[in-house]
Each structure stands twice: as structure tokens, then as C-alpha cells.
Amino acid sequence: MKKSRFGNVLKKASLLFLFSFSAVSCHLFDNDVNDFMEKYTETAAIEEHSFSEKTYNDAAGNPCISSKKDLEVMLYMRNPKSFQMTPSVEFQVLNPAIERTGIEIKQTNFDSLRLLLPQEFLLASDEGKNITMTFTLYEPMSGRYFVGYDIPLLCNSIPPLVESPTIINNNGQNYVIAFDMPDSQELALRHKDITALRINDTDYALSVNADGSFEFEDARFTRTPQSSYIYINDKDFTQTENSVYFETNDIFILGDKSYTLGLKDSAGLIKTSFTSTSISRLSRPVAKDADGVTYQNNSNEMVSGSSTEPFVLSLIPPSTDHKGNPVDDVTLHYTIYKGTSTVAAVIKEGTTTSVETLQLLPGTYFIDTYATKTNYEQSGPYRLTFRILDNAIYVSQSGNDSTADGTRELSSATLS
């Protein structure tokens with residue numbers, strides 16, 4: 001009897017515990033369902049985003065974007081009630097002295113927003129500044145603010161390539177590497193954060209000044225060629241104002257020698273060039289107009305055109321190496337900038353193994369190209385500046401004589 005009575009008591013206690021647990025669980029379940037239903041039927045939030053340009057990571061894994069063109073950020077919302085939002089964006093880490101004028105954010109559909117970051121803002125934010133964005137959604141009809149959304153991002157353009165790297169024999173004693181640094185205006189505009197030149201696996205300290213001039217710490221870097229320099233494999237090197245010569249400690253011997261060179265910034269971003277004594281170098285690309293006129297490298301041309309009959313220019317990959325030997329299937333890399341050198345924005349870029357034909361409306365253009373092929377040194381850069389004039393020159397009190405080109409969209413301040 002005692003055993004039976006104890007069993008009944010234990011059974012009743014177990015049933016009471018299960019009932020209590022079930023009641024609590026149902027209550028929690030009801031709360032979770034209510035929260036879920038309210039979240040997905042009564043509220044709104046940004047859930048995803050995309051960029052108009054590709055991002056890339058620096059050495060620490062931070063996502064980065066270039067300042068070479070405007071950036072559009074598309075934001076995709078959960079918005080079941082189709083609220084009309086008043087969105088806003090803040091850059092809480094960025095120096096508040098950097099001008100935000102020109103930044104636009106607006107709702108483009110019931111489930112999407114568009115943010116525009118103009119190139120002027122990105123230029124001011126370049127060289128590794130943190131432009132992490134914090135978004136807020138405000139619904140004015142109800143006065144509600146919805147949960148925020150963050151996009152971590154740095155503005156940091158990858159350093160440009162060193163140009164025309166060439167290995168030289170220094171009077172049979174040691175190797176010398178000759179190369180050109182990038183244009184000083186480009187360095188001053190967005191690359192003052194360059195800290196080193198990497199040659200193979202060694203970094204050599206380098207500083208870029210506010211005007212784009214540069215200085216190497218190692219005394220083996222000089223700016224003028226020596227009479228003892230001897231060219232190898234018929235490769236010559238043309239001295240320019242940006243030329244640099246590095247006296248290596250590598251003893252000259254007959255045979256193959258190669259180096260990889262790249263400018264590295266403080267965040268570890270780098271893009272490398274390759275030079276070798278044994279492989280051929282590609283010739284430079286060329287450009288021809290519709291009349292078959294060929295333009296020399298670094299030409300600064302002024303031509304006529306109109307909006308109804310655009311100026312046609314063809315960019316042509318090289319078909320020979322530096323010795324004149326035929327080469328096929330060469331890849332042409334091109335970037336087309338619109339505007340003057342201080343405010344130029346990329347309007348087209350890409351690669352092709354065939355002719356790239358451009359139709360250029362009135363305005364100023366900077367064209368930057370080079371060519372590559374496996375087992376060949378890349379060509380030297382081929383650059384052109386084209387100023388295409390319409391039948392009118394536009395002058396406005398709001399224009400600018402230092403950055404304008406006299407077109408309707410970039411009017412000059414004075415006729416002179």
C-alpha cells in the first residue's frame with residue numbers, strides 16, 4: 001500500500017510538472033510568434049546592399065573602394081507596409097571637416113534606397129580614411145525610427161603601377177633596375193599614403209609629398225643614369241622627370257635575372273610589375289582617328305567635334321615586341337577619364353584583345369592604356385589627352401578656369 005500511494009503521488013507530481021512546463025513553453029512560443037509577426041508585418045529594415053563598383057580588401061581585411069568614380073550604393077529593405085521613408089546616412093568615424101555636399105540618399109521603390117557618394121567626397125576621403133556608413137530609416141507619418149544598418153568601408157585606391165621597369169648591366173659589376181614613378185598629379189591626388197617600394201620580397205621606405213614629389217630613404221635610389229649603364233637584350237630606357245635607378249647588390253652574371261616591383265601603401269595595398277632580362281617587352285598600344293591619323297604617346301590634342309558627330313578614336317593593341325617580332329592575342333588595358341587631371345572621373349575601363357573604338361563627345365578626356373601577354377613584359381604606358389571642342393566655348397560666373405574645359409558641363413570662368 002505504501003508503495004502504491006507513493007507511486008500515485010509521484011505520478012501526480014510529474015503530470016503537474018509537465019503541465020506547468022507546457023504552459024510556460026506555450027507562453028514563450030506565443031511571445032516569439034507575436035514578435036516575429038510584428039517584425040515582419042509591421043516594421044521595416046534594410047537587410048541587404050550592393051555597390052556599383054567592386055570592393056577589395058586591404059592587408060587587414062578591411063573592404064575598400066577607389067575614388068576614381070562616383071559610387072552608388074543600393075539598399076534593399078523589408079517594407080511590408082510600403083512605408084515612404086525619410087532615410088539618412090552618417091559617417092561617424094570620418095573626420096567631420098570632410099565636406100558631405102553632393103551626397104544623396106533617397107527611396108527609389110517601396111523596397112529599395114539609393115545612396116550616391118560623389119567622386120569629390122571620395123577624393124577627400126581617400127588614402128585609407130574610414131567611410132563606414134550608418135543608415136537610419138524614419139517614417140514621418142507615424143514618427144517611427146526603424147532599426148539601423150551599418151556598412152563598413154574604407155576609401156583607399158590601390159597604388160598605381162611603376163612604369164617601364166628595365167634591368168640594366170652596370171659595367172659588368174651589378175644589376176641596376178630603372179623605372180618611372182607614376183605621374184606626380186596622380187600621386188598627389190590620392191596616393192600620398194604610399195610608404196614603400198617592394199622589390200621581390202624587400203620593402204624600401206618611400207614617402208610621397210603633398211605635391212606628388214617623392215623621396216626614397218635608401219641612398220642606392222638615384223634620379224640620374226650613369227655612363228657605365230649597359231642595356232640588356234636590346235631594351236632601352238628613356239630618362240624622364242619621374243625616372244628612378246636602383247643599384248642592386250646582385251652581381252651581374254650572364255643568364256636570366258628578374259624582379260617584381262610594386263608600390264605599397266600604409267594599408268598594404270599593392271599592384272606589381274615584372275621585369276626580366278630574358279623575355280621580350282611588348283610595344284606600346286597606339287591610337288588612330290577615323291582619318292587614320294596616329295597619335296604619339298603623351299600627345300595633348302585639341303580637335304573639333306560635335307554632339308551629333310562624335311569624334312571617333314580607336315585604341316589598338318600592339319602587334320610586336322620591342323625587337324619588332326610579331327605577337328598576337330595581346331590584351332589591351334584601358335581607362336578613359338572625363339575631365340581635367342585634377343577632377344577626372346572614370347567613364348569607361350576594361351580589357352580587350354581587339355580594337356577598342358571610342359566615340360567622344362565635346363569635352364576633355366585623359367586616356368591611359370598599356371598591354372600585357374603571358375611570358376612577356378608588359379608594355380610601357382600609352383597616354384593621350386584629348387580636348388574636343390564644340391562650336392561654342394561656354395563661360396559662366398560659376399565656372400572655373402583651372403579645372404574647366406569650356407564645355408557646357410564644365411564652363412570656364414573667363415574667356416581668356
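Predicted model: local features only at pLDDT ≥ 70, side-chain atom pairs only at ≥ 80, totals over all residues.
This briefing walks through strands, aromatic rings, cysteines and one surface patch.

Residues are numbered from 1 along each chain as its sequence is written, and side-chain values use heavy atoms, with hydrogens and water left out.

**Sheets**

- Strands here are DSSP runs (E, at least two residues), numbered from the N terminus, and two of them pair if DSSP finds at least two bridges between them.

- For burial, the cut-offs are: buried under 20% relative accessible area, exposed over 50%, partly exposed in between (1.4 Å probe, protein chains only).
- Six of the eight residues of β20 (residues 258–265) are buried, so this strand is largely enclosed by the rest of the structure.
- β14 (residues 194–199) pairs with β20 in the antiparallel sense over five bridges; Leu-197 has Leu-263 of β20 as its bridge partner.
- β21 (residues 270–276) also runs antiparallel to β20, this time with seven bridges, and Thr-260 stands opposite Phe-274 in β21.
- β20 and β21 make a hairpin with four residues between them, and Gly-268 in the turn has a positive phi of about 90°.

**Aromatic rings**

- Rings of Phe, Tyr and Trp (its six-membered ring) count as a pair if their centres lie within 6.5 Å; planes under 30 degrees apart are stacked, over 60 edge-to-face, and the rest tilted.
- The structure holds 15 aromatic pairs.
- One of them joins Phe-237 and Tyr-245, edge-to-face at 5.7 Å centre to centre with 80° between the planes.
- Phe-237 counts as buried because its relative accessibility is 8%, and Tyr-245 does so at 2%.
- A single aromatic cluster takes in Phe-179, Tyr-204, Phe-214, Phe-216, Phe-221 and Phe-246.

**Cysteines**

- With a disulfide defined as a pair of cysteine sulfur atoms within 2.5 Å, the count comes to zero.
- Cys-64 is in no disulfide, and its nearest cysteine sulfur, that of Cys-155, is 8.5 Å away.
- Cys-64 is buried, with a relative accessible area of 0%, and Cys-155 is buried at 0%.

**Surface patch**

- Ile-393, Val-395 and Leu-415 form a nonpolar surface patch with about 320 Å² of accessible area together.
- Patch residues have over 30% relative accessible area and no salt bridge; like charges are joined within 9 Å, and nonpolar side chains (Val, Leu, Ile, Met, Phe, Trp, Tyr) within 5 Å.
- A salt bridge means a side-chain nitrogen of Lys or Arg within 4 Å of a carboxyl oxygen of Asp or Glu.
- Areas come from the Shrake-Rupley method with a 1.4 Å probe, and for residues only the protein chains shown count as cover.
- Leu-415 lies in the segment after β30 (382–389) and counts as exposed because its relative accessibility is 70%.
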